[in-house]
Amino acid sequence: MNNNKYKNPRIKPIYPLYRLNKTEFRIGAQLGITAEFTDPDGQLWELAIRLNGRPVEIVIKEMQKLFPELSHDDILEGIELLDNEGFIEEALYDEESNIAKRFMPNVNYFSRYIGSNGNRYQPQKLLNNSTILLLGLGGGGSNILTLLAGLGPKKIIIIDYDNVEEGNLGRQLLYTEEDIGKPKAEAAAHAIAKINSNIIIEPYNKKIIRPEDVLEHVSGVDLVICAIDEPPFIAQRIVNKAIVTAKVPCVFGASQVSRGRVFTVIPGVTGCFDCMNLHYSMRDPQFNEQFIAFRNIEFSPPTIAYAPAIYQLTAAIVDEAVRVITRYAEPRSLGTQYEINFEDGSSFAHPTWPRYADECPTCGNGDIDKWEIFKYYEDKK
Ligand SMILES: [Zn+2]
């Protein structure tokens, strides 16, 4: 008998509990979550409707009045059965006062992933205590920042060197017409202060040119989000060098024409951006050729940015950031490129690349001169 396992158990309020007929009932209504219970005596139904966050001993007493044949353990087993299906959580009344009302919907979302022995408030508390460094405030970064503001980290450090232009307003919805001509970092800081005045926002109007430009700002940072992709590959490589040196995880995102990609580097754990360069240059005979050819044309396409597409990518980036910080669910892009297709709404993860501890010159003990691919990066300087 385990008297302590449940205290104030309840069916998660995010799920409906409903009877189909006298012997069958369901919990949940979403595809993949709904469970159907066959219950000829009505015992499980009577138990389920009583599980609303009251002390478990009171529920057990009520049940034994209705069904004297049931033992204390029988009733606990019934709760466990519902718990094993993921439908039970503890009420955790003490926690509610610690969380601002604006974050309660997040807590309820996290409750889908947290079992009766967990704490659905914990991911939100981790977010509220986190410090995030966001690089880039353009089509990706400005929308990432809007989403972050809603999630309520303790502090966000933002870096961009651009000014707001009219051409930004169709997709960078953090900015208004009044911001045209102002530095994006300044305009963004102002906008975020209006969304959530509790967030400490530290804006820097500067361009990331060397790893040192990132390293200056990583002290106390829990996570970096890299939303700069100009020049392509080179920008990510600079940021990668910095986050590996500082040992801070980083979620990278980049948009293509009608697809976007997210990948995450956890220094010392996953492969880094240069491990990916090694991986593909070893496996794909055309990787280096493509890299050189692409670099040589100095491809500079017009801005391809359609807000509904960008939002799909930025939502995935921010959810990934939340997963890395809180582990409310497994991150989807650790050492792999998680790709979203805006055309058909599908997504998939590319094969994972490993961490090359002996070969990578950036996160391992490798020799940079042994790898042709890095020469092409250096030439570009
Ligand atoms: Zn590496």
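1. Phe299 sits in the loop between helix H11 (287–296) and helix H12 (307–326) of this predicted model. Its relative accessible area is 48%, so Phe299 is partly exposed. Phe299 belongs to a nonpolar surface patch with Phe233, Phe294 and Ile297. Together these residues have about 390 Å² of accessible area.

2. The zinc ion has protein donors Cys272, Cys275, Cys360 and Cys363, each through SG. They lie 2.2 to 2.4 Å from the zinc ion. Angles among the 4 donor atoms run from 97 to 122 degrees, and the site is tetrahedral. Along the chain, the donors of the zinc ion follow C-x2-C-x84-C-x2-C. Cys272 is in the loop between strand S11 (259–265) and helix H10 (273–283), and Cys363 is in the loop between strand S13 (347–349) and helix H13 (372–380), so this pair ties together parts 91 residues apart in sequence.

3. Are these two cysteines, Cys272 and Cys363, buried or exposed? Cys272 has 1% relative accessibility and counts as buried. Cys363, at 10%, counts as buried too.

4. Strand S11 pairs with two strands. With strand S10 (residues 250–255) the sense is antiparallel, over 6 bridges. S10 and S11 form a hairpin, with 3 residues between them. Ser255 has Gly260 of S11 as its bridge partner. S11 also runs antiparallel to strand S12 (residues 337–341), joined by 5 bridges. There, Arg261 is partnered with Glu339 of S12. S11 is mostly covered, with 5 of its 7 residues buried.

5. Glu339 also makes a side-chain contact: a salt bridge with Arg259, with the closest N and O atoms 2.8 Å apart. Glu339 lies in strand S12 and Arg259 in strand S11, so the pair ties together parts 80 residues apart in sequence. Arg259 is partly exposed at 30%.

6. The structure holds 18 salt bridges. One of them joins the side chains of Lys5 and Glu80, at 3.0 Å from N to O. The pair links distant parts of the chain: Lys5 in the segment before strand S1 (9–11) and Glu80 in helix H3 (residues 72–84), 75 residues apart. Lys5 is partly exposed at 36% relative accessible area, and Glu80 is partly exposed at 29%.

7. Glu46, Arg50, Arg54 and Glu62 are linked in a network of salt bridges. Within it, the side chains of Glu62 and Arg54 meet at 2.8 Å, N to O. Glu62 has 27% relative accessibility and counts as partly exposed. Arg54, at 26%, counts as partly exposed as well.

How values were computed: Residues numbered from 1 in each chain as written. Predicted model: local features only at pLDDT ≥ 70, side-chain atom pairs only at ≥ 80, totals over all residues. Heavy atoms only, no water. Donors = N, O, S within 2.8 Å, 3.2 Å for Na, K, Ca; no water. Tetrahedral: all angles 85-135°; square planar, octahedral: opposite > 155°, others 65-115°. Helix = DSSP H or I, 4+ residues; strand = E, 2+ residues; numbered from the N terminus. Buried < 20%, exposed > 50% of the residue type's maximum accessible area, 1.4 Å probe, protein only. Patch = residues over 30% accessible without salt bridge, like charges linked within 9 Å, V, L, I, M, F, W, Y side chains within 5 Å. Areas by Shrake-Rupley, 256 points an atom, 1.4 Å probe, with all protein chains shown as cover. Salt bridge = Lys/Arg side-chain N within 4 Å of Asp/Glu carboxyl O. Pairing = 2+ DSSP bridges.
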